[in-house]
Each structure stands twice: as structure tokens, then as C-alpha cells.
Amino acid sequence: LCLNSYCHACLQPSFFGYPISIFFIVVNEFCERFSYYGMRAVLVLYFKYFLHWDDNLSTAIYHTFVALCYLTPILGALIADSWLGKFKTIISLSIVYTIGQAVMSISSINDLTDYNRDGTPDHIPVHIALSIVGLILIALGTGGIKPCVSAFGGDQFDDEQEKQRTRFFSIFYLSINAGSLISTIVTPILRGQECGIHSKQRCYPLAFGVPAALMAVSLIVFIIGSGMYKKVQPQGNIMVQVSKCIGFAIKNRFRHRSKEFPKRQHWLDWASEKYDKRLIAQTKMVLKVLFLYIPLPMFWALFDQQGSRWTLQATTMDGNFGAVQIQPDQMQTVNPILIIVMVPVVDAVIYPLIKKCGINFTPLRKITVGMFLAALAFVAAALVQVQIDKTLPVFPSAGQTQIKIINLGSVDATVQFEPGLQSVPVAPHVATDYMTFDSSKLNLLNVTSGNQTVSQVVSSLEKKRHTLAVKNVGTTIEAELLLDNVTSKPEEGNNLIRFINNMAQTVNITMGSTHFGPLESLAASNYEVFSGGRKAIIGNTSSSSCGISSMKLGFGSAYTIVINECSGSSLEVTYVEDIPPNTVHMAWQIPQYFIITCAEVFFSVTGLEFSYSQAPSSMKSVLQAGWLLTVAVGNIIVLIVAGASRLSEQWAEYVLFAALLLVVCIIFAVMAYFYTYVDPNEIEAQLDEEEKKQAKKDKDLEKEAEVVSRM
């Protein structure tokens with residue numbers, strides 16, 4: 001332990017050779033990553049279920065936000081290196097970040113505009129405006145500090161502490177993965193709770209509020225360590241110098257485009273009139289790597305859809321894992337869990353095995369394999385989507401209506417759809433599936449049971465689902481056309497339940513904690529929303545109380561429960577399935593997550609390693625900016641492709657993205673084949689040698705000039 005001693009080995013407070021200041025930086029990064037990934041995990045479901053945007057708009061805004069988060073690091077780096085310095089930039093933008101998270105939490109408070117207290121916001125535009133402001137502030141904050149925090153941590157070490165610095169970065173990236181993993185598990189659980197002042201809703205304020213609190217903690221922890229930090233003054237941004245060098249070279253080349261000027265070996269050599277040879281040589285190396293970056297955004301276009309399209313896909317699946325109910329947005333945790341497992345396995349097992357087989361598995365080949373695997377992951381997602389689509393109900397489109405029949409009586413019934421469309425026999429206590437009709441052609445329903453027939457004129461049925469409840473009562477027939485008022489699968493994996501009273505007396509029905517009120521004979525209740533799991537049903541009549549222990553509900557179903565008899569303690573019911581539950585299990589998403597995680601290991605980890613090995617040390621920040629820019633462009637590609645494709649089937653969109661990446665993968669493989677690896681250290685050593693020779697030559701010329709002047 002070394003505190004405040006100013007010896008050569010310890011110029012700042014340290015613990016076992018490590019500056020104490022890095023503790024605050026690591027905790028700061030953990031809290032910030034928890035805040036970002038926690039908020040992002042529930043974001044697309046917030047768009048869909050709270051703001052009531054459709055899948056396409058929710059996906060578009062999600063990827064716009066992610067793109068902005070990866071564009072703003074360039075701005076943060078410029079502010080830190082050219083103006084405020086890393087410390088002040090982190091403080092300033094963290095405050096912006098915290099405010100943004102707080103605004104997001106406020107925007108999701110249902111009671112903020114629910115003036116009539118019916119459980120629905122009365123002014124959605126207010127919530128949308130607050131959400132957009134919050135997301136912009138978050139993007140500025142998280143993107144702006146992204147290039148600063150890790151570099152600021154590196155600044156805390158002296159030159160002779162290379163080993164400690166390397167270990168710090170390992171701990172630093174572990175804190176990133178830990179924050180991401182824990183938040184992606186916790187925030188969906190918080191979202192799944194119910195909260196509210198006047199009505200109970202999904203608790204988005206808590207799901208956004210906890211990340212906001214963690215961001216505030218992150219800022220406070222970072223400020224506490226202020227007195228221990230080594231703060232390097234801003235020394236100018238290398239990206240600005242590179243940009244000016246490139247700009248001058250282009251402008252100078254354009255000025256000397258005439259044939260009378262001799263050609264130069266490289267177009268960047270036209271900057272030699274203003275910029276030194278070293279900067280030009282380093283810029284050439286960087287541009288050579290950046291050229292290889294051109295195809296890379298397509299990988300991120302697929303990879304980042306884990307938080308949008310894949311999460312929306314999970315909402316139509318069964319999340320029952322035995323004793324645990326998995327939320328759709330929790331499936332994203334598969335990626336960070338697999339990353340923690342796969343990185344050491346690939347490094348310690350896979351790569352050595354490939355090397356033993358005599359295969360030269362170069363970094364660019366690894367990246368190519370990563371792109372191919374990402375395309376394969378989307379093929380897997382498409383196959384899962386095909387199976388999901390088979391289970392999804394078909395709702396009536398424009399000009400259509402759907403009708404199902406429930407025979408509540410004790411004898412057979414026949415329904416004739418007129419004029420002359422279809423005749424449907426229905427056995428006692430049996431329901432048909434929904435039948436689709438052209439609403440303009442359906443005018444009349446003739447119901448026959450026993451020797452009795454009753455007719456019912458129908459109109460205004462377009463784009464609606466109805467249930468025709470029929471029952472013979474003595475010598476008459478009762479026929480009631482009920483509006484189902486369900487136009488889509490229940491949201492968020494919930495279930496819809498309604499009751500029909502098939503008894504002669506009025507009955508009071510309670511399911512779970514929901515009271516359906518008194519139902520008169522042959523009356524139907526409205527649909528009520530229930531989460532999955534077992535729910536008790538209790539019925540009460542004027543003469544008896546009866547019930548059944550429970551009904552097990554799955555995900556995304558709708559049922560009509562017919563109360564047939566309530567005597568003693570026995571409740572006799574018939575279950576009619578209006579919408580089938582989600583039957584494709586969420587576990588079927590694990591293969592696609594596994595494949596895309598393998599793709600990430602081959603692509604992302606190797607990509608950064610390759611980039612750093614091919615550029616001089618002074619240009620690392622330029623490549624970091626370029627790498628983050630590929631992520632931003634990838635998310636913009638999602639907007640363009642999803643918007644331009646106009647594909648009605650989601651599986652087809654997955655196949656389209658897979659095909660596009662496969663084409664880009666082939667292009668990249670060709671580019672990689674012609675790429676020549678360089679050793680930046682060797683090139684810089686040559687430059688050092690040339691500079692020494694030039695310095696010696698200049699010195700000799702000065703001496704000669706001095707001798708001549710004395711003569």
C-alpha cells in the first residue's frame with residue numbers, strides 16, 4: 001500500500017501497484033453499462049406496448065437511437081482532446097446522460113396524462129416528446145463518454161506499469177460485460193411488475209428509473225475519485241490532423257491535375273508540401289484498414305437486431321421454462337452469457353485446434369467466418385419464424401368478417417349462412433373454428449335446432465370477429481351474435497378471458513383477483529387481461545357457491561369459458577379457444593443466439609485486434625472511431641432495408657438480411673485476399689531511421705555553411 005508518497009514508483013495513491021483511482025473508474029463503467037443496457041433491453045417493448053407503435057416503427061426508432069449512440073463518440077473524442085479534456089468531458093456528458101435517463105423514466109409514467117384514470121394515457125404525444133428528448137440526451141451522454149472513460153483509465157498508469165495497465169483493461173471490459181448481463185436480467189423483471197397511482201400497469205417507470213439511479217451513482221462515484229486522478233491536458237485530436245491531411249492532399253491533387261505535373265506514388269503524397277512524412281505514412285496505413293471497414297456495417301445491421309426484431313419475435317413465443325417464466329426481453333441475456341463462455345473456449349481450444357490442422361486462420365479469415373455465421377444465424381431465425389407463423393391466428397382483412405359458432409344447447413344445431421354461402425352443423429356443447437366470409441355477401445343467418453328455425457339479419461361486420469352463441473330453450477331457439485373485439489394476439493404474452501353464462505340463473509364470476517360481475521342467463525362478459533400461470537375460478541349464484549381449483553394459462557391466448565352448471569361446490573365449464581397460446585418455445589431462439597455469439601467472437605474481437613495490429617500507436621483513436629462508425633452505419637442500414645423491402649412476412653425479411661450479408665461476405669473475402677499485412681512498428685522504425693539520417697544530413701549542411709561563411 002502506498003498513499004501520497006511521491007517516489008518514482010508511486011506518484012499517486014496506489015494499492016498493490018495499482019492506482020486507487022482506477023477503482024472509481026471501474027465502478028463508474030459498471031454502473032454506466034448497467035444503465036445503458038438495462039434501458040435498451042426494454043426499449044423496443046416500451047415503444048410497442050406503451051407508445052403503441054407498430055413493429056416496424058418501433059424497430060426503426062430503436063435502430064435510429066443505437067446509430068446515434070455510435071455516432072456521438074466522435075463528438076465526445078473531439079471535445080475531450082481539443083477542448084475540455086477527458087475528465088471534464090466525462091463529468092459534463094454524464095450529467096446530460098443522467099438527465100436523459102430521468103426524462104425517459106418520467107415519460108413512461110402512465111398517470112402523467114391519465115386524467116380520466118382509465119389506465120390509458122390521454123395525451124400520447126406528450127409521452128412521445130419526452131421519450132425522444134430523453135433518448136437524444138442518452139445518446140449524447142453514452143456516446144460522448146464512450147471513447148473517454150477507457151482512455152482516461154489508461155492515463156492513470158505510468159509508462160513502467162504496462163503489466164498493470166493491461167490487467168486493468170481486462171477488468172474494465174469484465175465490468176462492461178457484468179453490467180450488461182446483470183441489467184439485461186434485472187430490468188425486464190422490473191418491467192414485468194405492476195405499478196401505478198390510479199391504475200396498475202407494466203412498470204416501465206421502474207425499469208427506466210433503476211438505470212437512471214445507476215447512472216447517477218456512476219456520476220457520483222466518478223466525482224468522489226476526482227482528487228486522485230491523473231488528468232492529462234487536451235493536446236489536440238489526431239482525427240482532426242488526419243482529416244486535414246487528407247483534405248489538403250485531395251485539394252492539392254485537384255490543383256495539379258494537369259498532365260504537366262508528374263504523378264506521385266500515392267495520392268496522399270500530394271500532402272507532402274504541408275505535412276511531414278511520418279503523418280502521411282501513418283495516414284496511409286490507417287486508410288488501408290479503413291478501406292476494409294467498408295463492408296463491415298452489414299454485420300452490425302444483423303447483430304443489433306437482437307434488441308429489436310429478435311425481441312419482438314420472442315413476444316410471440318412460449319417463455320415457460322418450468323418454474324421460471326422468461327420475459328421476451330430477457331432472451332437477450334443469452335448473448336452476454338455465451339460471450340463470457342465462448343471467448344476463452346475459442347482462444348484456448350478452437351484456434352489451437354485449427355492451427356494444429358495446418359490451417360492459416362488469419363484475422364481477415366476469422367472476420368469472414370464471423371460474417372458468414374451471422375448470416376447463418378438469421379437463416380435460423382427465419383426457420384423459427386416460419387414455425388411461429390403457423391401458430392398465429394389469421395384475422396379478417398378489409399372486406400372480410402369471421403364468425404365462429406358455439407352450440408350451448410343439448411341438441412344438434414345447424415347454421416345456414418345466406419344467401420347460400422355455407423351450412424354448418426354443430427354438436428351440443430361444441431364450438432367451431434372461425435370461418436371467414438366476404439362481408440358484402442353475408443346478409444342473413446338461419447339457425448335450426450330440433451324443429452325450430454330462427455333468422456338473424458347481419459350487417460356492418462367488416463374486419464371484425466364475432467361469436468354466434470345458439471341454444472334451444474324449450475320450444476324456442478336463442479341466437480346471440482357477440483362481438484369478440486379482438487384484432488390481434490394479446491400483447492406481452494398476456495391472455496384474454498371472457499365468460500358466457502349458460503345457466504338459467506344469474507351468476508357472479510371471479511377469476512384470480514378479477515371480478516366479472518353478475519352475468520345474466522346467456523349473457524357474455526367482456527374480455528379481461530390475465531398473465532400466464534394458474535388462475536382460480538369461483539362462481540356464485542343466489543343458491544350456491546362453486547368453483548374449480550385453477551386454470552393454467554400459457555402465453556398469448558384468448559378463451560371463452562362457458563359456465564354450464566354451478567351446483568354444490570362443483571363448477572362445470574367448457575373451454576373454447578378463441579386464440580391459441582404461443583406454442584413455439586423461446587428455447588428455439590437459443591441456436592440463433594449461439595450462432596450469432598460465435599459470429600461476434602470471430603468478427604468483433606478479431607476485428608479490433610486486427611485493426612490495432614495494422615496501424616501505428618498514435619492512430620488507435622482514429623481506428624476506434626472508424627470501428628464505432630461501422631456500428632452506426634449498420635443500424636442505419638436496418639432502417640433503409642426494412643423500409644425499402646416492403647416485405648409482409650417477417651421470415652422473408654430475415655432471409656433478405658442473411659442474403660445481403662452473404663453477398664457482402666463474399667466481397668469482403670475478395671478484398672481480404674488482396675490485402676497485404678504490414679508491421680507498423682517496422683515502418684515507424686524505418687521512418688525513425690530516415691529522420692535520423694535527415695537530421696544528420698541537415699546538421700552536416702549547417703556545418704558546411706558555417707565553414708563557408710568563415711572563409
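Strand β8 (residues 413-418) and β11 run antiparallel and are joined by six bridges. Two strands count as paired if DSSP finds at least two bridges between them. Helices (H or I, at least four residues) and strands (E, at least two) are DSSP runs, numbered from the N terminus. The model is predicted: local features need pLDDT of at least 70, side-chain atom pairs count only at pLDDT 80 or more, and totals for chains, interfaces and linings use all residues. Residues are numbered from 1 along each chain as its sequence is written, and side-chain values use heavy atoms, with hydrogens and water left out.

**The four-stranded sheet**

- The open sheet has the order β9-β8-β11-β12, with antiparallel pairing.
- β9 (422-426) and β12 (452-457) stand at the edges with a single partner strand each, so one side of each has no neighbour in the sheet.
- From one strand to the next, the twist averages 15°. Axes here are lines fitted to C-alpha atoms, for helices over the stretch in contact, and angles run from 0 to 180 degrees between N-to-C directions.
- Strands of a sheet pair through backbone hydrogen bonds, either parallel or antiparallel.

**Partners across the strands**

- Strand β11 (residues 444-449) pairs with β12 in the antiparallel sense, over six bridges.
- L445 of β11 stands opposite F417, and the bridge partner of L445 in β12 is Q456.
- N446 stands opposite S455 in β12.
- The hairpin of β11 and β12 has two residues between the strands, and G450 takes a positive phi near 65° there.

**Backbone exceptions**

- Most residues other than glycine have a negative phi, and most peptide bonds are trans.
- A cis peptide bond joins E418 and P419, with omega about 5°. P419 lies in the loop between β8 and β9.
- H429 has a positive phi, near 55°. H429 sits in the loop between β9 and β10 (435-438). H429 is partly exposed, with a relative accessible area of 40%.
- N485 also has a positive phi, near 55°. The loop between β14 (476-483) and β15 (495-501) holds N485. N485 is exposed, at 63% relative accessible area.
- Buried means under 20% relative accessible area, exposed over 50%, and partly exposed in between (1.4 Å probe, protein chains only).

**A buried asparagine**

- N407 belongs to strand β7 (residues 400-407).
- N407 is buried, with a relative accessible area of 2%.
- The N407 side chain reaches the backbone nitrogen of G409 at 3.0 Å.
- Contact means heavy atoms within 4.5 Å.

**Domains and cores**

- The protein is divided into domain 1 (12-233), domain 2 (295-391 + 586-698) and domain 3 (486-581). These bounds come from an automatic or database domain assignment.
- The C-alpha centres of domain 2 and domain 3 lie 49 Å apart. Eight residues of domain 2 are in contact with four residues of domain 3.
- A nonpolar core is a set of buried Ala, Val, Leu, Ile, Met, Phe, Trp, Tyr and Cys residues joined through side-chain atoms within 4.5 Å.
- The largest nonpolar core has 133 residues, and L43, Y46, F65 and M371 have the most contacts inside it. Helix α1 (residues 21-50) gives the most to this core, with 14 residues.
- Domain 1 and domain 2 both give residues to this core, so it lies between them.

Definitions and conventions
Polar contact = N/O pair within 3.5 Å; in protein donor to acceptor, adjacent residues only side chain to side chain.
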